[in-house]
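Let's take a walk through this one, piece by piece. Keep the viewer open and follow along.

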Amino acid sequence: APSLPAVPEEDESRIIGGRPCSVAQRPFQVALTKRGQILCGGSLVGARWVLTAAHCRQPLRDLQVLIGTNTLRAGSGQVRRVSRLQVHPAYNPRRNDNDFMLLHLDAPVRFGPRVKKIRVATRCPRAGQNCSVSGWGTTKSPGGTWAQLPRDLQCAQVQTVGPEQCARAYGSAVTPNMFCAGVPQGGVDSCQGDSGGPLVCGGYLQGVVSWGMAVCGQRGQPGVYSNVCRASGWIRRVIGE
C-alpha cells in the first residue's frame, strides 16, 4: 500500500482545499506533537483518551498532546503527556490495516466550550455521506520549498466513497477496516500530516486519517480512513466506557 509515514521532516501536505476553522467547531480535535513539531492529529474520545493512527507511534517521552487550541503556538490550549499507548491488536503496519492507537493522557482534560469528546461511530459509513476532516499542515501539494504550514486548524468537506469506487483507486490495498472519502473533482483531501485526525460524519467519529497517494487531492484518488465502526468494541473495552 502507498502508505505515508507520519514523520514531521517528510510531511508533504495535509488538508488541501480546506479553510481555517475554529476548535469551537472541532472541540474534540487534538494535535500530537513530537519535540514541538506537529506529528499527527487525534480525537478526544474520553477525558483521558485520544484516538489516533497506529502509524503515528513514537517513544512516549517525545510526545505531547495539545487540546482545545486552533493554533500550534506554544502556550495555547491544554497540554498533556502520554502515560501509555495501546495499538489495535490486529494492526498490520505493512498493509496499514486496523491503523488505530489509543493514547492515555497523564491527567484528564478540562472540558469546556473548546474541549469536548466525540462519540465513536458504531454504524459503518454509507457511500455519499457528507463528512468533514480537519488538521494542521501545509495547504499545498506536493511539499518542498513552497509547502506552507498554516498556524490555524484547517477543515475540509468530503464525501464517503463506496467500496467499489475505492477499490478502483487502490485495488486490494483497501480492506474492510478502511474506507475512502474525497470529492469527485479532486482538490480536497487530507494528506499524511493529518494522519490520525478525525473524519466526522453526522456528529460521530467515523474515520481516522490513515493513508492515500503522496500527491494529495488527485481526481479519482480519495483519502483512505481507518473504519472506526470496526474498532468501536475495542475502543470501548480499552477506555472502559
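This is a predicted model: local features need pLDDT of at least 70, side-chain atom pairs count only at pLDDT 80 or more; totals for chains, interfaces and linings use all residues.

Residues are numbered from 1 along each chain as its sequence is written, and side-chain values use heavy atoms, with hydrogens and water left out.

Start with the barrel. Six strands make up a closed barrel, in the order β2-β3-β4-β7-β6-β5, and the pairing is antiparallel; two strands count as paired if DSSP finds at least two bridges between them. From one strand to the next, the twist averages 40°. Angles like this run from 0 to 180 degrees between N-to-C directions, with axes being lines fitted to C-alpha atoms, for helices over the stretch in contact. Helix α2 (residues 232-239) packs on the sheet, where it touches β3, β4 (49-52), β6 (78-87) and β7 (101-105), and its direction makes about 20° with that of β7. Contact, by the way, means heavy atoms within 4.5 Å.

Now zoom in on β2. Strand β2 (residues 29-34) runs antiparallel to β3 (residues 37-46), and six bridges join the two. Among the partners, Ala 31 goes with Gly 41, and Val 30 with Gly 42. On to β5 (residues 63-67): five bridges join this strand to β2, again antiparallel, and Leu 32 has Val 65 as its bridge partner there. Five of the six residues of β2 are buried, so the strand is largely enclosed by the rest of the structure. Buried means under 20% relative accessible area, exposed means over 50%, and partly exposed is what lies in between (1.4 Å probe, protein chains only).

What sits at the turn between β2 and β3? The hairpin has two residues between the strands, and Arg 35 takes a positive phi near 50° there. Side chains of opposite charge can pair when their charged atoms come close. Here the structure holds one salt bridge, meaning a side-chain nitrogen of Lys or Arg within 4 Å of a carboxyl oxygen of Asp or Glu. The partners are Asp 62 and Arg 35, with the closest N and O atoms 3.3 Å apart. Asp 62 lies in the loop between β4 and β5 and Arg 35 in the loop between β2 and β3, so the pair ties together parts that are 27 residues apart in sequence. Asp 62 counts as buried at 10% relative accessibility, whereas Arg 35, at 66%, counts as exposed.

Next, the aromatics. A search of the whole structure finds one aromatic pair, using ring centres within 6.5 Å for Phe, Tyr and Trp (its six-membered ring), with planes under 30 degrees apart called stacked, over 60 edge-to-face and the rest tilted. Phe 179 and Tyr 225 are stacked, at 5.8 Å centre to centre and 25° between the planes. Phe 179 belongs to β11 (residues 178-182) and Tyr 225 to β14 (residues 223-227), so the pair ties together parts 46 residues apart in sequence. Both Phe 179 and Tyr 225 are buried.

Strand β14 also holds Val 224, which counts as buried at 1% relative accessibility. Leaving out residues up to four places away in sequence, Val 224 touches several others, including Tyr 170, Phe 179 and Trp 211.

Key. Helices (H or I, at least four residues) and strands (E, at least two) are DSSP runs, numbered from the N terminus.
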